[in-house]
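This explanation leads the reader through one protein chain, from its overall make-up to a few individual residues. Please keep the sequence and the three-dimensional view at hand while reading.

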Amino acid sequence: PKEPEAPGRKEQLSVKKLRVVLFALCSNTEQAAEHFRNPPRRIKRWLRRFQAFQEENLEGKYLSLEAEEKLAEWVLTQREQQLPVNEETLFQKATKLGRSLEGGFKISYEWAVRFMLRHHLSPHTRRAVAQPLPKGVEDNAGLFIDFVQRQIHTQELPLAMIAAVDELSLFLDAEVLGSDDRKENALQTVGTGEPWCDVVLAILADGSVLPALVLHRGRLPPPASVPDSILLEARGGGYGDDELMELWAARVWRKHTACHASKAMLVLDCHRTHLSEEVLAALGASGTLPAVVPAGCSSKIQPLDVCIKRTVKDFLHKKWKEQAKEMADSACDSDILLQLVLCWLAEVLEVLADSPELVQQSFLVASVLPGPDGTANSPTRNGDMQEELISSLEEQLKLNGGNSEASERRDRSQEESADPEILQQLFEGESETESFHGFEDADLELMEF
């Protein structure tokens, strides 16, 4: 016989629902909705329902706080390098960290969801700068902020010479692109192996945007088809790890610094391709101090990560998804797709060029620049500003995400005011087909990611 439940204990989500929620926390709600064929609103409801039960104690053997912080740092670093974070990679890393535990490590979807929420690892949080990082990473972020602000003050660096640079890699599945089905999955911003092309974005603390450098592993299109705001390099054999930043320093940064008789600072992450001898020599020749963001800190202190880079990814996903539907029955090759991507990037760069205040505030929210009165904003204030910046840019790019917060509040309000008996019927039991219209068990069978 089952033991009676403790008074007030509510039913937990089923394993199937937890798996969907974990997918959403590892990637995002929209991709989880597409992968499991569930409406995003339903997945968000499951997540809110789970969050309401987080205070309940867990039984069994779980990772220590130190091990969890190492795992959280790994998740953040994977994302910085655009490497996959999913059920498989997360469980593998967690199991490896748990091998030292006596009696083994009890891993489960419930633990994984709790872990992602406990360490604020949802990739699409709109207030990342207000969330604490793992302790060691948080300490490194504080040291970085102190360093850059001290250098800006002592070197008297002008805003036009304080820059942030980062790359966005695009991965292409040529087989899916050439098929008649699921073309929208052909282009991704997360992957392994050689990217199809890399986009190097750079912004200045005075609100300016430098030309974007695109490195394409393929044929070079006619010059007339490349927008003025983009510099394109193309080579069939691809590029070595160190060549990307070397080319950017030569074609973009050197040209910018030549116009200013001043020292400069460049904020960039600690990826090995940014710190090669050739790159450091090129920066030194232009009087540029590299301010290297510590591993795992980019979501909080890299100005491009605060608002712009994530929104560019969402915009490219949206535009390609729409385009893929239009050309579902027609042919599309790499050359056509490149032309589309260049046009979409030019559209984003035009919006950013017309929004210097948004670009400048990205440096403030990332704490690279101190506040107007010389002191740092509070985490809450920075979180508010980040949310405003993301919503503003999404609105200008006509992304639906700009209204997501209002939509969620409206959904939550409707649920709270709904008939309790209806909600009870909706959430009770483990029969997914009875709980939700159009929801079949087959939709939640284990799949390869």
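Predicted model: local features only at pLDDT ≥ 70, side-chain atom pairs only at ≥ 80, totals over all residues.

A residue is called buried when its relative accessible area is under 20%, exposed when that area is over 50%, and partly exposed in between. Glu156 has a relative accessible area of 67% and therefore counts as exposed. Glu156 lies in the loop that links helix 7 to strand 1 (162-172). Although Glu156 is not a glycine, its phi is positive, at about 50°.

His120 sits in the loop between helix 6 and helix 7 (135-154). The phi of His120 is positive too, about 55°, and His120 is not a glycine. With a relative accessible area of 34%, His120 is partly exposed.

The protein contains 19 helices and 7 strands. Of its 449 residues, 47% are buried. Among the contacts between residues at least 6 apart in sequence, 73% join residues that are at least 24 apart.

After helix 4 comes Gln82, whose phi is positive, near 55°.

An α-helix has 3.6 residues a turn, so residues three or four places apart point the same way.

The pairing of helix 4 with helix 5 can be followed in detail. Their axes come within 10 Å and cross at roughly 145°, and the crossing is right-handed. On the side of helix 4, Ala67, Lys70, Leu71, Trp74 and Val75 take part; they meet Thr89, Leu90, Lys93, Ala94 and Leu97 of helix 5. Sorted by class, this contact has 7 nonpolar, 1 polar and 2 charged residues.

Helix 6 also packs with helix 3 (residues 40-51), at an angle of about 85° and with the axes 11 Å apart. Helix 3 is therefore roughly perpendicular to helix 6. Leu47, Phe50 and Gln51 of helix 3 meet Glu110, Val113, Arg114 and Leu117 of helix 6. The contact of helix 3 with helix 6 has 4 nonpolar, 1 polar and 2 charged residues.

The last stop is a residue in a strand. Pro290 belongs to strand 7 (residues 288-293). Is Pro290 buried or partly exposed? Its relative accessibility is 25%, so Pro290 counts as partly exposed. When residues up to four places away in sequence are left aside, Pro290 touches Leu266, Leu268, Leu280 and Leu283. Pro290 and Leu268 are 22 residues apart in sequence, and their C-alpha atoms are 7.1 Å apart in space.

Note on methods
Residues numbered from 1 in each chain as written. Heavy atoms only, no water. Helix = DSSP H or I, 4+ residues; strand = E, 2+ residues; numbered from the N terminus. Axes fitted to C-alpha atoms, helices over the stretch in contact; angles between N-to-C directions. Parallel < 35°, antiparallel > 145°, perpendicular 65-115°, else oblique. Contact = heavy atoms within 4.5 Å. Nonpolar A, V, L, I, M, F, W, Y, C, P; charged D, E, K, R; others polar. Left-handed = near helix turned anticlockwise from the far one by under 90°. Buried < 20%, exposed > 50% of the residue type's maximum accessible area, 1.4 Å probe, protein only.
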